[in-house]
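Look at the fold below and follow its pairings from one element to the next.

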Amino acid sequence: PTFTLVNEYRREDGARMYHVDCYRLSGEADAWTTGLDDLFDQGVVVIEWPERIGGALPAARLWVAIDDLGGDNRRFVFSASGERAGELIDGLGNV
């Protein structure tokens with residue numbers, strides 16, 4: 001079977017977002033073979049299953065955990081490492 005590791009989305013202004021699904025990766029070495037490190041310089045990178053690639057993640061990052069509260073209710077929990085990620089959280093205010 002085939003599957004997509006990276007989906008790229010572009011806005012009309014040229015900004016890019018990459019959705020990376022690491023579920024089928026078996027570790028950090030697999031992440032390097034996908035060219036993941038090149039994506040970090042090209043736009044926003046959203047990674048599912050980041051725990052599967054450990055050391056391939058940048059030190060500065062914004063973590064978003066989504067808790068299922070039942071039904072259609074979700075809670076988003078943000079945590080940051082690095083100055084820019086902290087600024088992003090500060091900019092969220094009380095949304």
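R84 and E87 sit 3 residues apart in helix 3 (residues 83–92), which means that about one helical turn separates them. Helices here are DSSP runs of H or I with at least four residues, strands are E runs of at least two, and both are numbered from the N terminus. The model is predicted, so local features need pLDDT of at least 70 and side-chain atom pairs count only at pLDDT 80 or more, while totals for chains, interfaces and linings use all residues. Residues are numbered from 1 along each chain as its sequence is written, and side-chain values use heavy atoms, with hydrogens and water left out.

The side chains of R84 and E87 form a salt bridge, with 3.7 Å from N to O. The term requires a side-chain nitrogen of Lys or Arg within 4 Å of a carboxyl oxygen of Asp or Glu. Side chains of opposite charge can pair when their charged atoms come close. R84 counts as exposed at 56% relative accessibility, whereas E87, at 40%, counts as partly exposed. The classes are buried for under 20% relative accessible area, exposed for over 50%, and partly exposed in between, using a 1.4 Å probe and protein chains only.

By the salt-bridge rule the count comes to 6. Salt bridges with shared partners link E8, R10 and R16 into one network. R10 is exposed because its relative accessibility is 54%, and E8 is partly exposed because its relative accessible area is 38%.

Y18 in strand 2 is the bridge partner of E8. Strand 1 and strand 2 form a hairpin with 5 residues between the strands, and G14 there takes a positive phi near 95°.

On to strand 3: strand 2 is joined by 5 bridges to strand 3 (residues 44–48), and these two strands run parallel. Across this pairing, D21 stands opposite E48 in strand 3. Strand 2 (residues 16–21) also contains H19. What joins the side chains of H19 and E48? The link between H19 and E48 is a polar contact of 2.6 Å. A polar contact is a pair of N or O atoms within 3.5 Å; within protein, one must be able to donate a hydrogen and the other to accept it, and residues adjacent in sequence count only if both atoms are side-chain atoms. Leaving aside residues up to four places away in sequence, H19 touches L5, V6, N7, Y9, V46 and E48. Contact here means heavy atoms within 4.5 Å.

Between strand 3 and strand 4 lies a loop that holds R52. R52 counts as partly exposed because its relative accessibility is 35%. The C-alpha atoms of R52 and D21 are 10 Å apart, although 31 residues separate the two along the chain. With residues up to four places away in sequence not counted, R52 touches C22, Y23, L25, S26, G27 and E28.

The next pair is strand 4 and strand 5, which are antiparallel and share 8 bridges. These two strands form a hairpin with 5 residues between them, and G70 in the turn has a positive phi of about 95°. R75 in strand 5 is the bridge partner of D67. The side chains of R75 and D67 also meet in a salt bridge of 3.1 Å, N to O. R75 is partly exposed because its relative accessible area is 44%, and D67 is partly exposed because its value is 25%.

What remains is the nonpolar surface. L62, V64, I66, F76, F78, L88 and L92 make a nonpolar surface patch of about 580 Å². Strand 4 (61–68), strand 5 (74–81) and helix 3 are the elements that each give two or more residues to the nonpolar patch. Strand 4 gives the most, with 3 residues. Patches are made of residues with over 30% relative accessible area and no salt bridge, where like charges are joined within 9 Å and nonpolar side chains (Val, Leu, Ile, Met, Phe, Trp, Tyr) within 5 Å. The accessible areas come from the Shrake-Rupley method with a 1.4 Å probe, and for residues only the protein chains shown count as cover. I66 lies in strand 4, and I66 is exposed because its relative accessible area is 52%.

How values were computed: Two strands pair if DSSP finds at least two bridges between them.
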